[in-house]
Amino acid sequence: MKLIVGITGASGAVLGVRVLEALRELGVETHLVLSKWGRATVEFETDCTVAQVRAMADYSYAPGDQCAAIASGSFRTDGMVIVPCSMKTLAAVRMGYGDDLITRAADVALKERRRLVVVPRELPFSEIHLENMLALTRMGAVIAPPVPVFYTRPATVDDVVTQLTARVLDQFGLDLPQAQRWTGLPDQRLRPVASAR
């Protein structure tokens with residue numbers, strides 16, 4: 001499998017880093033694009049340097065490199081994930097405004113009908129954000145906000161990030177071994193009783 005990973009300047013750089021780490025563990029070939037502000041956020045929010053994050057990928061491209069292989073639909077991949085995705089990038093992808101390599105690669109994924117997973121990071125969403133997400137969903141993209149689950153009883157931020165990473169990878173049919181899956185209520189007595197008619 002071959003995937004493109006775009007990391008923008010939205011808060012949540014750890015999600016992009018963890019996705020890269022997980023894809024490496026799973027033997028997936030990765031093509032990374034870190035935006036200008038994505039690089040700044042990585043160094044501000046994580047303990048990783050930009051060089052370390054780039055080293056996690058098999059291939060890394062400058063955000064302005066429109067001659068990169070991933071800028072063309074003739075370069076085959078299995079899809080792309082933008083994690084985290086800023087609202088600026090979301091809007092650009094929705095409008096087909098491929099002025100940098102992340103938005104161009106996303107445009108390619110859409111036009112070639114490849115899987116595009118967008119992990120938007122904003123709170124709350126405005127009507128503009130929601131309309132952009134709805135439009136991209138209708139175009140075939142998957143909108144996967146980093147919404148934590150609590151049935152796993154997360155004890156640390158790392159637990160939350162691991163579970164979110166697993167859900168992102170699920171969109172590509174990849175299984176993160178550390179993920180906790182819902183298997184139903186542990187005690188059958190807790191199940192709601194159907195009302196008698």
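Predicted model: local features only at pLDDT ≥ 70, side-chain atom pairs only at ≥ 80, totals over all residues.
Visitor: In what order do the six strands of the open sheet run?
Guide: Strands are DSSP runs (E, at least two residues) and helices likewise (H or I, at least four), numbered from the N terminus. Strands of a sheet pair through backbone hydrogen bonds, either parallel or antiparallel. Here the pairing is parallel and the order is β3-β2-β1-β4-β5-β6.

Visitor: Which are the edge strands?
Guide: An edge strand here pairs on one side only. That describes two strands, residues 59–61 and residues 142–143, which are β3 and β6.

Visitor: How many degrees does the direction of helix α2 make with that of β2?
Guide: Helix α2 (residues 36–45) packs on the sheet and touches β1 (2–7) and β2 (29–34), a contact being heavy atoms within 4.5 Å. Axes are lines fitted to C-alpha atoms, for helices over the stretch in contact, and angles run from 0 to 180 degrees between N-to-C directions. For α2 and β2 the angle is about 100 degrees.

Visitor: And what angle does the direction of helix α4 make with that of β4?
Guide: Helix α4 (residues 87–95) also packs on the sheet, where it touches β4 (79–85) and β5. Its direction and that of β4 make about 145 degrees.

Visitor: How many salt bridges does the count come to?
Guide: Side chains of opposite charge can pair when their charged atoms come close. The rule asks for a side-chain nitrogen of Lys or Arg within 4 Å of a carboxyl oxygen of Asp or Glu. Under that rule the number of salt bridges is seven.

Visitor: Which residue forms a salt bridge with Lys111?
Guide: Lys111 is partly exposed at 44% relative accessibility; the classes are buried under 20% relative accessible area, exposed over 50% and partly exposed in between (1.4 Å probe, protein chains only). The closest N and O atoms are 2.7 Å apart, and the partner is Glu112.

Visitor: How many residues apart in helix α7 are Arg167 and Asp170?
Guide: Their side chains meet in a salt bridge of 2.7 Å, N to O. Both residues belong to helix α7 (residues 157–170), with about one helical turn between them, so the spacing in residues is three.

Visitor: How far apart are the closest N and O atoms of Arg181 and Asp170?
Guide: Asp170 is partly exposed, with 22% relative accessible area. Its salt bridge with Arg181 has its closest N and O atoms apart by 2.7 Å.

Visitor: How many residues apart in sequence are the parts that this pair, Arg181 and Asp170, ties together?
Guide: Asp170 is in helix α7, whereas Arg181 lies in the segment after α7. The pair therefore ties together parts whose sequence separation, in residues, is 11.

Visitor: Which residues do salt bridges that share partners join into one network?
Guide: Arg181 is partly exposed at 40%. Through shared partners, the network joins Arg167, Asp170, Asp175 and Arg181.

Visitor: Where is Pro124 placed?
Guide: The peptide bond from Leu123 to Pro124 is cis, with omega near -10 degrees. Another cis bond runs from Val83 to Pro84, with omega near -5 degrees, and Pro84 is in strand β4. Pro124, by contrast, is in the loop between β5 and α6 (127–138).

Visitor: What is the phi of Arg153 near?
Guide: Residues are numbered from 1 along each chain as its sequence is written, and side-chain values use heavy atoms, with hydrogens and water left out. Arg153 lies in the loop between β6 and α7 and is exposed at 73%. Its phi is positive although the residue is not a glycine, with a value near 55 degrees.

Visitor: What radius of gyration does the chain have?
Guide: The radius is taken over C-alpha atoms, and the globule rule is 2.2 Å times the number of residues to the power 0.38. For 197 residues a compact globule would come near 16 Å, and the chain agrees with this at 18 Å.

How values were computed. Pairing = 2+ DSSP bridges.
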